[in-house]
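This report concerns a predicted model. Please examine the sequence and structure shown below before reading on.

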Amino acid sequence: MIYQLYPRSFFDANHDGIGDIRGIIEKLDYLKELGIGAIWLNPIYASPNDDMGYDISDYQSIMKEFGTMEDFDELLARAHEKGIRIIMDLVVNHSSDEHAWFIQSRKSKDNPYRDFYIWREGKDGKEPNNWASFFTPSAWKLDEETGEYYLHLFSEKQPDLNWENPKLREHIYEMINWWLDKGVDGFRMDVINLIAKRQGLPDGSGEKNLSGYVFCPENFANQERLGEYLKEMRRKCFDGRDCMCVGETPFVNPETGRKYIDPKEKELDMIFQFELMDIDSGKSGKWEMIPYDLSKFKSILHKWQDATQEGWGSLFWSNHDQPRPLSRFVNVTSEEMRIRAAKMLATAMHLLRGTSFIYQGEEIGMMNASFTSLSQLRDIESIEYYNAAKKAGRADEAWAAILRKGRDNARTPMQWDDSVHAGFSDHEPWLMVNENYRNINVAKAREDKESIWYYYQKLIRFKSSDETAIYGAFEELCPEHPEVFSYRRSLEENAYVVICNFSADKVSFDMSGYKKKELLFHNCENESEDVLLGYEARVIKI
């Protein structure tokens, strides 16, 4: 079980309002007691922070706000002493425009570093093609120095690296090996399936955005040379090492995903797919919200459980880019229902086959924040979207979408106790603390043996040690039930059934086959065997 930790928001040890490495060191015992086996750190490299560390200016230095390399070495050593592995975030689709490579690259067309990035001449007085960026209207930026455009699938300060250049690839592999030699246990690989682009960089043919550009992942995701690059990286960096690589792979389907994790292909150990995270997104993307449908949810989980049978899958409800699941997948109307729903969601996801990633705060049931103004936001994606929507006369619509799905919802400081700033820091935090911290915090949760925290601890211990929970086959039960998600895990003569009511209302469910069976987990007291309470979860040994 892996705990995703957002360093900027986890714990501030030096009281400057920003979480840091020493703060993580101070909380290692907390993580050990929770029961996790590894930590995934969001980027801690040197960065100007245009996109919260995903714009790296030096891959082999630590961001000053977070501490020093000596701090990191101590974190690594202490974590390993406690049996906790450390997984770094590998961001190699793009760098910062303040990276030494790009500073050289933009100096002249014949600079030795020019081809470390993707440069093109304009076309008919405009950009080289009509691609839209994730964050900005166009994916191209004109550089006045040489009169050419560079590609940036994300912000203008995140130029895309040119993976077709073997010299660039060698530099990246040297950097990866440097971290592995230091003792890092693996990598979460940021948008790794975007590193190869379609040959010729053709125009996209889809729907235009508000500024007339086309978001066209068919031209920059899952492209032909990707497998070649991943296999080369495996040979040059990972083969022969005890490490793990999980790739963030947006826009994959089960067929493509199966190939990436096929042990024979030796490309990736696991992938993050986002079909479930897109379940409430419309045709135009995440900001177009559509109703969430349980039947579609069950279908997505079922097909991905099937797709990962020969390899290995990842399981998660949220991360630093996603809103809080308690504000997204359920309707919380009371404190009792918040606690029950959090336990139900944990049961439904983390007892599936695959490695669970628990995002910080999930174990206490943190929720979306109540932002009231744009000035409170720090996320470049949300800010850029709001400003573009405002120009188009759609500000109210955009704000509603940001409150529901904006990335800052996941990045508010960890809620440790009910003291000032939720015990995260003695200083005003870099991002506002969720106003509900006096009720939802670690200290309060650990005072109550029936809390979400203790439920997670029990669930983690079970999932980390029970052979059936780890390796058992998956079989979906009652797929047509409109409110209940249920499945069976089995290994040889052992099996258990998971039953989760995704409705806030009571529902009837035939439990006749499970009477007098051992109840392994239960998130609420219910005397009725054939009626499930709202957001009730049961795990039954059969």
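The sections that follow treat a helix pair and then salt bridges.

**Packing of helix 10 and helix 15**

Helix 10 (residues 335–350) packs with helix 15 (residues 452–465) at an angle of about 15 degrees, and their axes lie 10 Å apart. Because angles under 35 degrees count as roughly parallel, the two helices are described as roughly parallel to each other. The crossing of helix 10 with helix 15 is right-handed.

Helix 10 contributes Arg-338, Ile-339, Ala-342, Lys-343, Ala-346, Thr-347 and His-350 to the contact, while helix 15 contributes Ile-452, Tyr-455, Tyr-456, Leu-459 and Lys-463. By class, this contact comprises 7 nonpolar, 2 polar and 3 charged residues.

The structure contains 43 salt bridges. In one of them, Glu-148 pairs with Arg-114, with the closest N and O atoms 2.8 Å apart. Glu-148 belongs to strand 8 (residues 148–151), whereas Arg-114 is in the loop between helix 5 and strand 6, 34 residues apart in the chain. Glu-148 is buried at a relative accessible area of 10%, and Arg-114 is buried at 4%.

A salt bridge also joins Arg-328 and Asp-280, at 2.8 Å from N to O. Arg-328 has a relative accessibility of 3% and counts as buried; Asp-280 is likewise buried, at 3%.

**A salt-bridge network**

Asp-321 and Arg-407 form a salt bridge in which the closest N and O atoms are 3.0 Å apart. Asp-321 lies in the loop between strand 14 and helix 10, and Arg-407 in the loop between helix 12 and helix 13, so the pair ties together parts 86 residues apart in sequence. Both Asp-321 and Arg-407 are buried. Through shared partners, salt bridges join Asp-51, Lys-286, Asp-321, Asp-379, Glu-381, Arg-407 and Arg-411 into one network.

Key:
Residues are numbered from 1 along each chain as its sequence is written. This is a predicted model: local features need pLDDT of at least 70, side-chain atom pairs count only at pLDDT 80 or more; totals for chains, interfaces and linings use all residues. Side-chain values use heavy atoms; hydrogens and water are left out. Axes are lines fitted to C-alpha atoms, for helices over the stretch in contact, and angles run from 0 to 180 degrees between N-to-C directions. Helices (H or I, at least four residues) and strands (E, at least two) are DSSP runs, numbered from the N terminus. Angles under 35 degrees count as roughly parallel, over 145 as roughly antiparallel, 65 to 115 as roughly perpendicular and the rest as oblique. A crossing is left-handed if the near helix is turned anticlockwise from the far one by less than a right angle, and right-handed if clockwise. Contact means heavy atoms within 4.5 Å. Ala, Val, Leu, Ile, Met, Phe, Trp, Tyr, Cys and Pro count as nonpolar, Asp, Glu, Lys and Arg as charged, and the others, Gly among them, as polar. A salt bridge is a side-chain nitrogen of Lys or Arg within 4 Å of a carboxyl oxygen of Asp or Glu. Buried means under 20% relative accessible area, exposed over 50%, partly exposed in between (1.4 Å probe, protein chains only).
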